[in-house]
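This report describes a structure for a reader who is new to the subject. Please look at the sequence and the model first.

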Amino acid sequence: MVAADSEGSKDPGVRMFRRERSIPLRGSAAALCNNLSVLQLPVRNLTHFGVVHGPSAQLLSFAPEGLPLAQRQLHAKEGAGVSPPLITQMFESDGSIMVYWHALDSGDASPVQAVFARGIAASGHFICVGTWSGRVLVFDIPAKGPNIVLSEELAGHQTPITDIATERAQGQDCVADMVTADDSGLLCVWRSGPEFKLLTRIPGFGVPCPSVQLWQGTVAAGYGNGQVRLYEASTGTLHVQINAHARAICALDLAPEVGKLLSAAEDTFVHIWKLSRSPESVSIEVEHCHGECVPDTQVCGARFCDPSGSSFAVTGYDLAEILRFSSM
Amino acid sequence: MSVRTLPLLFLNLGGEMLYILDQRLRAQNVPGDKARKVLNDIVSTMFNRKFMEELFKPQELYSKKALRTVYDRLAHASIIRLNQASMDKLYDLMTVAFKYQVLMCPRPKDVLLVTFNHLDAIKGLIRDSPAILNQVDETFQQLTEVYGGLSAGEFQLIRQTLLIFFQDLHIRVSIFLKDRVQNSNGRFVLPVSGPVPWGTEVPGLIRMFNSKGEEVKTVEFKHGGNYVAAPKEGSFELYGDRVLKLGTNMYSVNRPVETHMSGASKNLASQTQESIAPNPLAKEELNFLARLLGGMETKKPSDPEAGFRLNLFATEEEEEQAALTRPEELSYEVINIQATQDQQRSEELARIMGEFEITDAPRQSASKGDDLLAMMDEL
């Protein structure tokens, strides 16, 4: 395994990563971006993993040592006709029961357009889902009971949504807590609420933005040309441009406690970066911490497995396992 | 997923098929005029205008089984005869080769260059026939019209659709193993060196800007790979240097086309899922096949004895052995769906059949409930 660490890394504690035991999957991961979800439940000493195989998704639960506790497969409800299912489905967190479904409106799609939903994130008591048209559906989730309601459809994008990221609001009024990205590379920064407000638009440059993250007022975006860019969320100013990968980026993740950013791409590499705000210049600085090569694997999903960023997991196209790495 | 993937899938797989058939014709020392006739017949069937029209209609990809039926028909549009084992091997080689090409495309848009490489080579194979050359050029035109204006995001979706189609295919091809393009477990080698895609910077640089947009700091980092800048972009014109080598002919008379069957797929779950898939899709597949094959003008050889058998293996014994030892999970069950009492569908099929010119003896009347394949065999 080829690993590259930057010389003079200020934090030797997370210099090297070692492979942990992989988690086997019933079906290999599909070549979709952001194809790994990790839900950490430290209170219950559990970690949930989700991977999409094709028309089905796998949910697995694991205890910290990597011992599997439960595995479940969710199948997308198939429509009877030729068109693919145009349904958004929501389940209990262990996948046991479908609690809600919503049919996507394909009304004004031309026959050559693919109709699908892509990109999902939770913001407070809202769940936002992106669609092929660029519209973002906002579902209001009640604290108790199944009365999920489609509360809003956000306009802002003209091309298919690729990813949505949210961050818990910092307590102030005007703070951005959601960012949406699309196939043209356009980013929209929002403030959530009973009515979502569009705060900033960050234009693309002809390249899709498959993955996006938000951290303390900084938007981190990964692009199809292998670049990672960091912008000021409130103004859209570009602060950092990293020539990070040699192929399209497929996933970004954040370890919010320590400001670590993880980028993974089809070039088989996963890189970890340290973000910091320099107090004098009020700008963002980035330092490379670690690079990991996953040999002969076109990575399609990657996530940190704990809030301090000391472990991460990776999925790859055609790979029927989740690879895990933790720092030594 | 993308509804514009089928033309690219079909043309590239067809191109690979022609490379392999061309190699086998030469390896079996088939006389030049017969070999040329085989290739001309297949190419002219492939690029037939009506067939292309059906192909280019926006539609989802169907199963590997359905597609295999189309190639079966295509190969037999010529005077060659392939038995099951050879047809299986041919399809294996075609699919593995194109999967590799899709995976290795530096940019998603490069799959179009791969397609053009195949078309360029096809034109080389049939260069003595101006009428067929014209058909290929027309298809080139159509490709440019449909795909020339697509965005990078749309190409990314096409790429993902193709990769999902080829998911879990790990058949090992001996040329690939020898060239170290494939590992012994069937997975492709993904190099971390060489030129970056056109439009991508060589990784290793962090640039930081202040709020006025001025660059204030530049830091290098060790990426771990060994990349260099892309020399130039491939041409999307009718004629031009494609730059990319993917999709060019890697077979020659001296390089045998073997495959290894053992341990091909560890993941049986996904395979069984396809074979026990619920029936709703079967009906759509039937309609798709009827439409597509309905557009295919297959000519019967005027002299049945002009047909000859082509073998994808080195010897007859090897071919027999391959048929006996092919693992269950890799068998391509040719579509064999009993036409049901569905009035409408039978009428639709009958209408399509009626559009065919049958030049030899009149076919037996096909009553409702006949095996679909039996009906198509009479074409």
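The text below goes from the contact between two chains to single residues and their surroundings.

The model is predicted, so local features need pLDDT of at least 70 and side-chain atom pairs count only at pLDDT 80 or more, while totals for chains, interfaces and linings use all residues. Residues are numbered from 1 along each chain as its sequence is written, chains are lettered from A and ligands numbered from 1 in the order in which they are written, and side-chain values use heavy atoms, with hydrogens and water left out.

The size of an interface is often given as the accessible area lost when the parts come together. Here chain A and chain B bury about 4500 Å² between them, and 53% of this is on carbon and sulfur atoms. Buried area is the accessible area (1.4 Å probe) that two parts lose on being put together, summed over both. In chain A, the residues that lose the most area to chain B are A:Asn243, A:Asp296 and A:Tyr317, together 14% of what that side buries. The contact involves 59 residues from chain A and 58 residues from chain B, where contact means heavy atoms within 4.5 Å.

How many salt bridges are there between chain A and chain B? The count is 3, a salt bridge being a side-chain nitrogen of Lys or Arg within 4 Å of a carboxyl oxygen of Asp or Glu. A salt bridge joins the side chains of A:Asp318 and B:Lys99, at 2.5 Å from N to O. There are also 20 residue pairs in polar contact between chain A and chain B, both residues being at pLDDT 80 or more. A polar contact is a pair of N or O atoms within 3.5 Å; within protein, one must be able to donate a hydrogen and the other to accept it, and residues adjacent in sequence count only if both atoms are side-chain atoms.

On the side of chain A that touches chain B, strand E20 (238-243), strand E23 (269-278) and strand E24 (283-293) each supply at least two residues. Helices (H or I, at least four residues) and strands (E, at least two) are DSSP runs, numbered from the N terminus. By class, this side of chain A has 28 nonpolar, 20 polar and 11 charged residues. Ala, Val, Leu, Ile, Met, Phe, Trp, Tyr, Cys and Pro count as nonpolar, Asp, Glu, Lys and Arg as charged, and the others, Gly among them, as polar.

E20(A) runs antiparallel to strand E4 (residues 205-209) of chain B, and 4 bridges join them. Two strands pair if DSSP finds at least two bridges between them. In this pairing, A:Ile242 stands opposite B:Ile206 in E4(B).

## A hairpin in chain A

Strand E9 (residues 117-123) and strand E10 (residues 126-131) of chain A pair in the antiparallel sense over 5 bridges. A:Ser123 stands opposite A:Phe126 in E10(A). The two strands E9(A) and E10(A) form a hairpin with 2 residues between them, and A:Gly124 in the turn has a positive phi of about 65 degrees.

Most residues other than glycine have a negative phi, and most peptide bonds are trans. In the table, buried means under 20% relative accessible area, exposed over 50%, and partly exposed in between (1.4 Å probe, protein chains only).

## Two serines in loops

A:Ser184 is in the loop between strand E14 (178-182) and strand E15 (187-191) of chain A. A:Ser184 counts as partly exposed because its relative accessibility is 30%. The side chain of A:Ser184 makes a polar contact with the side chain of A:Asp182 (2.7 Å), and a polar atom of the A:Ser184 side chain lies 3.4 Å from the backbone nitrogen of A:Leu186. Beyond four places in sequence, A:Ser184 is in contact with residues including A:Thr159, A:Gly204 and A:Phe205.

Is B:Ser78 buried or exposed? B:Ser78 is buried, because its relative accessible area is 2%. B:Ser78 lies in the loop between H4 and strand E1 (80-81) of chain B. A polar atom of the B:Ser78 side chain is 2.8 Å from the backbone oxygen of B:Ala75. Leaving out residues up to four places away in sequence, B:Ser78 touches B:Val38, B:Asp41 and B:Ile42.
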